[in-house]
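I opened this notebook page to record what I looked up on strand pairing and helix packing. The entries follow the order in which I worked.

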Amino acid sequence: MDPVSHDPLPKATTTTFPANTLLSKHLHSTLMELARVSALLVLISIQVLSLLKKWNPIFHLLPLSCFFLFFLLKPLLIKPHIYVVDFSCFKPPNFCRIPISYFLENASMIKPFDKQGIDFMAKLIKSSGLGETTHLSPSFSYIPPISNLQEHIKEFHMVIFPVMQDLLSKTDLSPRKIDILIVNCSSLCSSPSLSSIIINKYKMRDDIKTFNVSGMGCSAGILSIHLAINLLKVHKNSNAVVLSTEITSAGWYAGNDKSKLLVNSIFRMGGAAILLTNKEGSRKISKYRLLHAVRINRASDDRAYNSTFREEDENGALGVSVSPDLVKVVGETVRTNIAVLGSCILPLSEKFKVGVSTFRKRFIRKSAEVYVPDFKRVIQHFVMPASGRSWIREIGKGLKLGKIDPEASLMTLRRFGNQSSSSSWYVLAYLEAKERMKKGDKVWQLGIGSGPKCISFVWECNRPIVGESNKGPWADCIDEFPVHSLY
């Protein structure tokens, strides 16, 4: 079925806004900040000059008043700092472990898979970079797998309750001190909502602000963090908890359409709980402080919109179709996001090199390459989505990263598989377990999802992070990594 046919209304004429529009907004913001600083310098200069020239006292009073107003009003206008206090990742129990041979053997006994479909899934798994220690819902131990609402809710309980409890224990936080709760899960939308299940379980306050995010794909976890950040900018002195997971038993595709077999092959069990706050009193205990956030959505473009679609096949089996255009679409989306982020964080020298090379390519020599800026001048750690080995390598190659930079994402993919919306927190947990995160380090967290959407966060490590190798999802295996054959 053609995804466009899902829309019963005639197509309206749409205007696609170029990436330059987004860049211009950020450049305008930067210029305004420079103008404010310049104005302050002018005021100080006038004050110094008036003292030296012994001008009329009115010339002292005017710049001095402006000077004090600037510093008195600025704190009232500055947005509050947003912190990640801590986070927890779900470690699936051993009885959920599903080696590749076991997965393929079970799949071969499930109707309606044929040999071509099994061989295609085997090929996808082999090329993806998955290891032998990934996990799936216990429902896959049955033939055929159990797939009903009761089983989906059971899997949600199994993943989210332990990770939520671990977060509360880590942070010594009472459930009644949570002001904002966001739960994201693309594959399951229940009634009562997933957020209501959490509120009921932990007996949270009646005035808690709750949100249930569904259908946002692999970027849903990072997108939910962005939602929490925006809410914390409005609601002062608040705590926000984000719960991120995908229900594997709800996303299973029982059919032979090759475009829909990717989800079966590489998506695995996982979940994460993250505590964010804008309370300055939590600054010293928080792990990370937000520096920058950039979000891009290209759903207005038809080709991009249709690149990933959840739909039924000709036999009525529901699955997620991946079009051949996906790689190109994701590349364009990520490049736009990176361009905007680069305008925010790169030093002037790098921006100048990019500008000169872009001008040369556009007006002088079309065959010339555009300079790729060195993000490692401002970023020490890269948290890329654990979507697949080729994806991770291509992003690393495009950014001209070193061998060690994609390591955390590649090892997360091997150990846990593609956990969709929660995978980036396992990647960050790997960096912490290896004790590579130092106070003052900058980490770039990148999220990519269907829609398509791309979100970037730049966090600053707020305090020394030690002892994480003894706890969390990597506790019993961190010394086994990295596996060098994956590079």
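I took two strands as paired if DSSP finds at least two bridges between them. Helices (H or I, at least four residues) and strands (E, at least two) are DSSP runs, numbered from the N terminus.

I noted that this is a predicted model, in which local features need pLDDT of at least 70, side-chain atom pairs count only at pLDDT 80 or more, and totals for chains, interfaces and linings use all residues. Residues are numbered from 1 along each chain as its sequence is written, and side-chain values use heavy atoms, with hydrogens and water left out.

**Entry 1: a hairpin.** I looked up β7 (residues 308–312) and β8 (residues 318–322), which run antiparallel and are joined by five bridges. Glu 312 is placed opposite Leu 318 of β8. The two strands form a hairpin with five residues between them. In its turn, Gly 316 has a positive phi of about 90 degrees.

**Entry 2: the open sheet.** I then traced an open sheet of nine strands with mixed pairing, in the order β3-β2-β4-β5-β1-β6-β11-β10-β9. β3 (209–213) and β9 (381–383) each have a single partner strand, so one side of each is left without a neighbour in the sheet. Within this sheet, β6 (residues 288–297) and β11 (residues 453–461) are antiparallel and share nine bridges. Asn 297 stands opposite Lys 453 in β11.

**Entry 3: α5 and α6.** For angles I used axes, which are lines fitted to C-alpha atoms, for helices over the stretch in contact; angles run from 0 to 180 degrees between N-to-C directions. The axes of α5 (residues 149–171) and α6 (residues 194–202) come within 11 Å and cross at roughly 55 degrees. This makes α5 oblique to α6; angles under 35 degrees count as roughly parallel, over 145 as roughly antiparallel, 65 to 115 as roughly perpendicular and the rest as oblique. I listed the residues in contact (heavy atoms within 4.5 Å). Among them are Ile 153, Phe 156 and His 157 of α5 and Leu 194, Ile 197 and Lys 201 of α6.

**Entry 4: α13 and α14.** Which strands does α14 touch? Helix α14 (residues 423–433) packs on the sheet and touches β1 (83–89), β5 (271–277), β6, β9 and β10 (442–449). I also found α14 packed with α13 (residues 407–416) at an angle of about 115 degrees, the axes being 9 Å apart. The two helices are therefore roughly perpendicular to each other. Their contact includes Met 411 and Phe 416 of α13 and Tyr 426 and Leu 431 of α14.
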